[in-house]
Amino acid sequence: MADLNITRLFNVKDMVFVITGGGSGLGEIMASALDANGASKVFILGRREASLKKVAENAVNKTIIPVVCDVTSKDSLSAAATFIEKESPFVNAVIANSGAVGPVTSLPPRPADATIADIQQQLWDTSYDESQTALSVNVLGSFYTFLAFLKLLEAGNNHDDSRGKKDFIQSQFITTTSMGGLTREENPGYPYMASKAGLWHLTKSLATKFAKLGIRANSIAPGLYITEMTEFASGGQDWSVPGSLPKDFIPMTRTGSKEDIAGAILFLCSRAGAYVNGNVILSEGGVVSVQPASY
Ligand SMILES: NC(=O)c1ccc[n+]([C@@H]2O[C@H](COP(=O)([O-])OP(=O)(O)OC[C@H]3O[C@@H](n4cnc5c(N)ncnc54)[C@H](OP(=O)(O)O)[C@@H]3O)[C@@H](O)[C@H]2O)c1
């Protein structure tokens with residue numbers, strides 16, 4: 001019988017990863033989890049060098065490498081890929097996690113008696129540019145991130161030194177979508193929700209195109225985790241303890257924790273998740289089960 005020990009199943013020993021948006025929030029947790037569980041190199045990309053360096057300094061195994069990159073620029077992505085190729089001849093997974101929230105229109109809640117004119121005014125007053133940033137970073141930024149690293153992902157399957165080749169862990173593109181791409185309630189705002197639904201479809205389309213070429217595409221769709229992006233919602237309160245929130249809002253009565261997101265990324269990246277393709281892991285405490293949504 002194969003060795004089913006949890007350490008062998010879930011470790012990411014000797015694997016190489018690229019994570020966009022790795023300088024904060026969920027990307028930082030993912031990078032730290034991969035570093036802590038055996039990765040040989042974890043390249044974290046983002047625009048703010050100071051945040052990237054801080055994450056690298058805090059890494060327990062010191063495998064995290066900062067790379068300044070703006071995912072909305074092909075030149076910047078191309079320069080990052082060139083740099084990374086000099087550091088590693090292959091990559092096992094690219095995680096397109098960078099995101100922008102765009103205009104938040106769900107807070108404070110609109111009065112129940114709001115007229116169509118009221119709603120039109122509130123939504124019209126949002127910034128087109130801010131909406132466009134959400135679509136650009138979340139959808140196109142992820143698409144061009146995938147393209148920039150495709151050759152290195154292919155090498156993740158073929159290079160003799162790659163754990164992917166040795167252990168039949170096919171290379172993988174992972175996106176961070178959102179439950180907002182599924183739920184119909186206005187939360188946090190329509191452009192963001194549309195961008196994440198688009199990214200969801202992009203991920204599955206890429207899984208179809210590249211399945212027979214040996215590159216997988218999967219996604220993690222988080223619900224509410226408190227990060228720089230969402231701290232406006234919690235006002236600084238810790239909602240990660242069960243009982244913090246009403247069941248109508250989040251059935252599990254809490255926000256997502258470090259363990260929740262770390263567990264999801266380790267499953268997808270390790271031998272444990274090696275047979276998974278075209279899949280989306282929802283990590284949202286049951287919200288999609290109780291709100292109007294599709295899944
Ligand atoms: N927190 C939640 O509740 C939640 C729920 C569902 C989905 N998500 C998704 O999770 C992902 C991570 O978000 P988070 O919650 O961890 O928030 P966060 O801490 O604000 O992370 C967003 C990251 O995206 C990076 N980024 C933004 N624009 C970029 C650009 N043009 N080029 C490169 N990097 C860029 C930021 O780095 P720089 O500013 O340094 O570039 C930052 O590290 C996002 O895709 C978000 O939509 C979050």
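Modeller: Helices (H or I, at least four residues) and strands (E, at least two) are DSSP runs, numbered from the N terminus. With that settled, please ask away about this predicted model.

Colleague: Thanks! Between which two elements does the loop holding Pro108 lie?
Modeller: Pro108 is joined to Leu107 by a cis peptide bond, with omega about -15 degrees. Most peptide bonds are trans. As for its place, Pro108 sits in the loop between E4 and H5.

Colleague: And what is omega at the cis peptide bond between Asn187 and Pro188?
Modeller: Pro188 belongs to the loop between strand E5 (172-176) and H9. The cis bond that links Asn187 to Pro188 has an omega of about 0 degrees.

Colleague: Is Pro111 buried or exposed?
Modeller: Pro111 is in the loop between strand E4 (93-96) and helix H5 (116-124). Its C-alpha atom is separated by 51 Å from that of Leu152, 41 residues apart along the chain. Pro111 has 8 C-beta neighbours inside 10 Å, and a residue with 12 or fewer counts as exposed. So Pro111 is exposed.

Colleague: Is Tyr225 buried or exposed?
Modeller: Tyr225 is placed in the loop between strand E6 (216-222) and helix H10 (231-234). Leaving aside neighbours within four places in sequence, its contacts are Leu26, Thr230, Thr255, Gly256 and Ile261. There are 21 other C-beta atoms within 10 Å of Tyr225, and the cut-off is 20 or more. Therefore Tyr225 is buried.

Colleague: How far apart are the C-alpha atoms of Tyr225 and Ser283?
Modeller: Along the chain, Tyr225 and Ser283 are 58 residues apart.

Colleague: Why does Asp14 count as partly exposed?
Modeller: Asp14 is in the loop between helix H1 (6-10) and strand E1 (16-20), and has a positive phi of about 65 degrees although it is not a glycine. Most residues other than glycine have a negative phi. A residue is buried at 20 or more C-beta neighbours and exposed at 12 or fewer. Asp14 falls in between because the number of other C-beta atoms within 10 Å is 16.

Colleague: What is phi of Thr253?
Modeller: Thr253 lies in the loop between H10 and helix H11 (258-269). Thr253 is partly exposed, with 16 other C-beta atoms within 10 Å. Its phi is positive, in a residue other than glycine, and is near 60 degrees.

Colleague: Which helix gives the largest share of the shell around the ligand?
Modeller: There are 30 residues around the ligand, and Gly21, Gly25, Arg47, Arg48 and Gly99 come nearest. By class, the shell has nine nonpolar, 17 polar and four charged residues. Helix H2 (25-36) and H6 each supply at least two residues. The largest share, three residues, comes from H2.

Colleague: At what angle do the axes of H4 and H6 cross?
Modeller: Lys74, Leu77, Ser78, Ala80 and Ala81 in H4 meet Tyr144, Thr145 and Ala148 in H6. That contact has five nonpolar, two polar and one charged residues. The crossing is right-handed. The axes of H4 (residues 74-87) and H6 (residues 128-148) come within 9 Å, and the crossing angle is roughly 35 degrees.

Colleague: Last one: which two residues touch the most other members of the largest nonpolar core?
Modeller: This core has 75 residues, and its largest share, eight residues, comes from helix H9 (residues 190-210). Leaving aside neighbours within four places in sequence, the contacts of Val91 include Val16, Ile84, Phe149 and Leu152. The two residues touching the most other members are Phe17 and Val91.

Terms used
Residues numbered from 1 in each chain as written. Predicted model: local features only at pLDDT ≥ 70, side-chain atom pairs only at ≥ 80, totals over all residues. Axes fitted to C-alpha atoms, helices over the stretch in contact; angles between N-to-C directions. Left-handed = near helix turned anticlockwise from the far one by under 90°. Contact = placed C-beta atoms within 7 Å. Nonpolar A, V, L, I, M, F, W, Y, C, P; charged D, E, K, R; others polar. Core = buried A, V, L, I, M, F, W, Y, C linked by C-beta atoms within 7 Å. Near = placed C-beta within 6 Å.
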